[in-house]
Amino acid sequence: MSSDRLFKFARIAGVASLVAVAGLLSACQVRPLYAVSTGVTQKLSEVSFSDVNTRVGLQVRNQLIFIAGRGAGETKTPKYSVDLSVSSGTGGVLYLPSSSTSAAGRTTVTASFTLREITTGKVIKSGSRSVTSLVDFPTQEFAKQRAIRDSEDRAAREVAEIVAADIGAALSR
């Protein structure tokens with residue numbers, strides 16, 4: 001008899017846990033970020049980005065404008081503004097003692113941003129994102145400078161996509 005009671009108790013406990021899990025999962029609201037119902041694409045097209053002073057910063061800003069406007073450019077009547085600050089640096093990581101140079105390096109681009117509503121000045125989201133891009137240093141100086149520039153451009157595009165996703169997520173709430 002005790003095994004029958006144990007079996008019934010296990011069955012009831014299993015059903016109760018299944019109902020509890022189903023209740024918890026029903027509270028999840030996973031939806032696409034750029035779905036029409038969220039209005040994120042419309043809100044992103046109403047964002048303006050502050051001017052920057054560096055070449056890498058301009059790459060990040062231009063990519064953000066392209067992502068936010070879906071290729072249409074920056075809006076003339078923004079509802080939101082993003083204060084953008086971009087820094088970058090490149091350093092060697094693989095030192096060759098025979099030639100006193102580095103054969104490889106990494107470029108890090110960091111973008112700090114603050115998203116504000118223009119009418120109220122209220123800060124909606126602020127943050128900082130960074131991306132590291134690896135680079136090989138050739139022996140020719142011009143080729144090395146071009147490799148560093150390409151590495152900066154790759155990292156700038158990546159950090160812009162991450163920042164745009166952060167801004168989109170903040171605007172979807």
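**View 1. Lining of the largest cavity.** The lining of the largest cavity holds five nonpolar, four polar and one charged residues; Ala, Val, Leu, Ile, Met, Phe, Trp, Tyr, Cys and Pro count as nonpolar, Asp, Glu, Lys and Arg as charged, and the others, Gly among them, as polar. The model is predicted: local features need pLDDT of at least 70, side-chain atom pairs count only at pLDDT 80 or more, and totals for chains, interfaces and linings use all residues. Residues are numbered from 1 along each chain as its sequence is written, and side-chain values use heavy atoms, with hydrogens and water left out. Among the lining residues are Leu44, Phe49, Ile65 and Glu74. A cavity is a set of points on a 1 Å grid over the protein atoms alone where a 1.4 Å probe fits but cannot get out, and lining residues have an atom within 4 Å of a point. α3 gives the most to this lining, with three residues.

**View 2. Helix α3.** Helices are DSSP runs (H or I, at least four residues) and strands likewise (E, at least two), numbered from the N terminus. At 1.5 Å a residue, the 15 residues of α3 should span 21 Å, and its end C-alpha atoms are 21 Å apart, which agrees; the expected span is 1.5 Å times one less than the number of residues. Arg70, with a positive phi near 55°, follows α3.

**View 3. Contacts of Leu64.** Leu64 touches Phe49, Leu84, Ala160, Val163 and Ala164, not counting residues up to four places away in sequence; contact means heavy atoms within 4.5 Å.

Notes: On a 1 Å grid over the protein atoms alone, a cavity is a set of points where a 1.4 Å probe fits but cannot get out, and a pocket is an open set with protein on both sides within 12 Å along at least five of seven lines; lining residues have an atom within 4 Å of a point.
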